[in-house]
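Have the model open while you read.

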Amino acid sequence: MAESTTHQRPLMGWDKPQLDLSNAQWQSSSRGLGDVQIAFVEGFIAMRNSGSPESPSLIFTPDEWGAFVSGAREGEFDLT
């Protein structure tokens, strides 16, 4: 199912572009067993719920993604 960008106004201080995710190559987490999918688009990392791919995606810069993954590895986030 293709996903498109929304036409919502960005939040104050939001410095990320509205990415076109319609042709993104989504990859499943946890060898396909998880509920999260990620895609690398225009230098950013997009993350979505695989059970609800039409829902909005979270967009991370590479630094934000690194901090998120580091926190998850330390148990800061529950990814189940």
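1. Start with E1 and strand E2 (residues 36-41): two bridges join them, and they run antiparallel. Strands here are DSSP runs (E, at least two residues), numbered from the N terminus, and two strands pair if DSSP finds at least two bridges between them. Gln-27 sits opposite Ile-38 in E2, while Ser-28 faces Gln-37 in E2.

2. A word on the numbers: this is a predicted model, where local features need pLDDT of at least 70, side-chain atom pairs count only at pLDDT 80 or more, and totals for chains, interfaces and linings use all residues. Residues are numbered from 1 along each chain as its sequence is written, and side-chain values use heavy atoms, with hydrogens and water left out.

3. Next, E2 and E3 run antiparallel, joined by six bridges. Ile-38 turns up again here, opposite Met-47 in E3. Their hairpin has two residues between the strands, and Glu-42 takes a positive phi near 50° in it.

4. Putting the strands together gives an open sheet of four, in the order E1-E2-E3-E4, with antiparallel pairing. E1 (27-28) and E4 (58-60) are at the edges with a single partner strand each, so one side of each has no neighbour in the sheet.

5. Finally, helix H1 (residues 62-73; helices are DSSP runs of H or I, at least four residues) lies across E2, E3 (44-49) and E4, running at about 105° to E4. That angle runs from 0 to 180 degrees between N-to-C directions, with axes as lines fitted to C-alpha atoms, for helices over the stretch in contact (heavy atoms within 4.5 Å).
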